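Okay, thanks for coming, everyone.

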Amino acid sequence: MIADTTEVKLRIRERYVVQITPAFKCSGVWPRSAAHWPIPHIPWPHPNLVAEVKTEGFDLLSKESVALQGKQSAMEGDAWVLSFTEAETRLLQGGCRRKCLSILKTLRDRHLDLPGNPVTSYHMKTLLLHECEKHPLETEWDEICLADRINGIFLQLISCLQCRRCPHYFLPNLDLFKGKSPSGLENAAKQVWRLTRELLTNSRALEKL
């Protein structure tokens, strides 16, 4: 067993490390820090879906969780952080949203796995949720629109990298780029632009990338 501050890590045969993270499920409640969500007058998500998400609640996870570093956070010094993983999963059901996320993660792993890890899969998921608000109609998430949605998300990503700020979907005051080096973000912006240009100018780019 490997000692840690708030978690337990088990080392198995010096080859594998299993991390056990303390967590609390908070069903039927919604955090005050996310009380603004959903933004009024935006038709997505549907009120019924909002009710489901808020009933599902959120999780409190140990702040030391590797899975959450650079993802969710709370006030400095807090021992626990908010996790909206189940809420995000529920919101991304329907249409080609899940397929879109899968493609975004693949493109990230193949082309944006850069030094300092400036762009993570969670950044992709966050921008996908913002794209859902920008395109609230279900017809905009038909398979035929997949390339347009991916292009829109990459254009969002370029803007965020250039501004050096990527707000969390549920906690907009939380910057997901906090702690990232400016040079790393600038380099990532150039790489994302090269990738986006290929997607915009080559209709078969997704098949090759």
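**A walk through the model**

Let's start with Gln-156: apart from its neighbours within four places in sequence, Gln-156 is in contact with Leu-127, His-130, Glu-131 and Lys-134, contact meaning heavy atoms within 4.5 Å. Before going on, please keep in mind that this is a predicted model, where local features need pLDDT of at least 70, side-chain atom pairs count only at pLDDT 80 or more, and totals for chains, interfaces and linings use all residues. Residues are numbered from 1 along each chain as its sequence is written, and side-chain values use heavy atoms, with hydrogens and water left out.

Back to Gln-156, which lies in helix H5. Helices here are DSSP runs of H or I with at least four residues, strands are runs of E with at least two, and both are numbered from the N terminus. Is Gln-156 buried or exposed? Gln-156 is buried, because its relative accessible area is 9% and the cut-off for buried is under 20%, with exposed being over 50% and partly exposed in between (1.4 Å probe, protein chains only).

Leu-155 is in helix H5 too, and Leu-155 is partly exposed, at 41% relative accessible area. In sequence, Leu-155 and Arg-197 are 42 residues apart, while in space their C-alpha atoms are 9.9 Å apart.

Now the core. A nonpolar core is a set of buried Ala, Val, Leu, Ile, Met, Phe, Trp, Tyr and Cys residues joined through side-chain atoms within 4.5 Å. The largest one has 51 residues, and those with the most contacts inside it are Phe-84, Leu-91, Phe-154, Leu-157, Leu-161 and Phe-170. Which elements give two or more residues to this core? They are helices H1 (47-56), H2 (85-91), H3 (97-111), H4 (121-134), H5 (146-163) and H6 (182-201). H5 provides the largest share of this core, eight residues. The core also draws at least three residues from each of domain 1 (1-84) and domain 2 (94-208), with bounds that come from an automatic or database domain assignment. As background, in soluble globular proteins nonpolar side chains tend to be buried together.

Take Phe-154 as an example. Leaving out neighbours within four places in sequence, Phe-154 is in contact with Leu-104, Leu-107, Leu-112, Met-124, Val-192, Leu-195, Thr-196 and Leu-199.

Arg-164 is partly exposed, at 43% relative accessibility. Setting aside neighbours within four places in sequence, Arg-164 is in contact with Asp-175, Phe-177, Pro-182 and Leu-185.

On to charges. How many salt bridges does the structure hold? Eleven salt bridges, each being a side-chain nitrogen of Lys or Arg within 4 Å of a carboxyl oxygen of Asp or Glu.

In one of them, the side chains of Lys-25 and Glu-86 meet at 3.2 Å, N to O. This pair links distant parts of the chain, with Lys-25 in strand E3 (residues 23-26) and Glu-86 in helix H2, 61 residues apart. Lys-25 is partly exposed at 38%, and Glu-86 is partly exposed at 35%.

Another has Glu-143 and Lys-99, with their closest N and O atoms 2.3 Å apart. Here too distant parts of the chain are linked: Glu-143 is in the loop between H4 and H5, Lys-99 is in helix H3, and they are 44 residues apart. Glu-143 counts as partly exposed at 48%, as does Lys-99 at 42%.

Then there's Arg-108 with Asp-113, where the closest N and O atoms are 3.3 Å apart. Arg-108 is buried, at 8%, whereas Asp-113 is exposed, at 54%. Also, salt bridges that share partners join Lys-25, Glu-52, Glu-56, Glu-86 and Arg-90 into one network.

Last stop, back near the start of the numbering. Leu-10 is in strand E1 and is partly exposed, with a relative accessible area of 33%.

That's the tour, so please jump in with questions.
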